[in-house]
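Here are a few notes to go with the structure you asked about. Keep the view open while you read, and look up each residue as it comes.

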Amino acid sequence: MPIFRCPGQNLQQWTPDDVYDVICPHCKNDIEFFKDEPVLTCPKCKQRVRNPKLDVGCAEWCQYAGDCVGIPKDSA
């Protein structure tokens, strides 16, 4: 049985735009997000910050969505 690897999580398929800085809405510190990180804790103020560019649109069609992002395919 082949090992499944989501194309969106394959770092060889990523571009420089898939890693970006987001300004913390609480303290204005820069937080580096990877495109697949939904939430990070700001290293300066310790507040949780959501990734505004998170895109899990693949969960709508991918048969592995439940395992990957925790959304059963029927619920996407």
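**Notes on the model**

1. Let's start with Ile31. Setting aside residues within four places of it in sequence, Ile31 is in contact with Tyr20, Asp21, Val22, Cys24, Leu40, Cys42, Pro43 and Val49. One thing to keep in mind as you click through these: the model is a predicted one.

2. Several of those names come back in the largest nonpolar core. Its eight residues are Tyr20, Val22, Cys24, Ile31, Phe33, Leu40, Cys42 and Val49. Strands S1 and S2 (30-34) each supply at least two residues of this core. As background, nonpolar side chains tend to be buried together in soluble globular proteins.

3. Now have a look at Asp18, in the segment before strand S1 (19-23). Is Asp18 buried or exposed? Its relative accessibility is 14%, and the cut-off for buried is under 20%, so Asp18 counts as buried.

4. What does Asp18 touch, if you skip residues up to four places away in sequence? The list is Phe33, Phe34 and Lys35.

5. Next, the rings. The count of aromatic pairs comes to zero. Still, do check Tyr20: Lys53 lies over the face of its ring, at 4.4 Å from the ring centre.

6. Last stop, Pro38, which lies in the loop between S2 and S3. With a relative accessibility of 45%, Pro38 counts as partly exposed. Leaving out residues up to four places away in sequence, Pro38 touches Phe33, Val49, Arg50, Asn51 and Leu54. Take Arg50 from that list: Pro38 and Arg50 are 12 residues apart along the chain, and their C-alpha atoms are separated by 5.9 Å. Two other names there, Phe33 and Val49, belong to the core from point 2.

Key. Residues are numbered from 1 along each chain as its sequence is written. This is a predicted model: local features need pLDDT of at least 70, side-chain atom pairs count only at pLDDT 80 or more; totals for chains, interfaces and linings use all residues. Side-chain values use heavy atoms; hydrogens and water are left out. Helices (H or I, at least four residues) and strands (E, at least two) are DSSP runs, numbered from the N terminus. Buried means under 20% relative accessible area, exposed over 50%, partly exposed in between (1.4 Å probe, protein chains only). Contact means heavy atoms within 4.5 Å. A nonpolar core is a set of buried Ala, Val, Leu, Ile, Met, Phe, Trp, Tyr and Cys residues joined through side-chain atoms within 4.5 Å. Rings of Phe, Tyr and Trp (its six-membered ring) pair if their centres lie within 6.5 Å; planes under 30 degrees apart count as stacked, over 60 as edge-to-face and the rest as tilted. A charge sits over a ring if NZ of Lys or CZ of Arg is within 6 Å of the ring centre and within 35 degrees of the ring normal.
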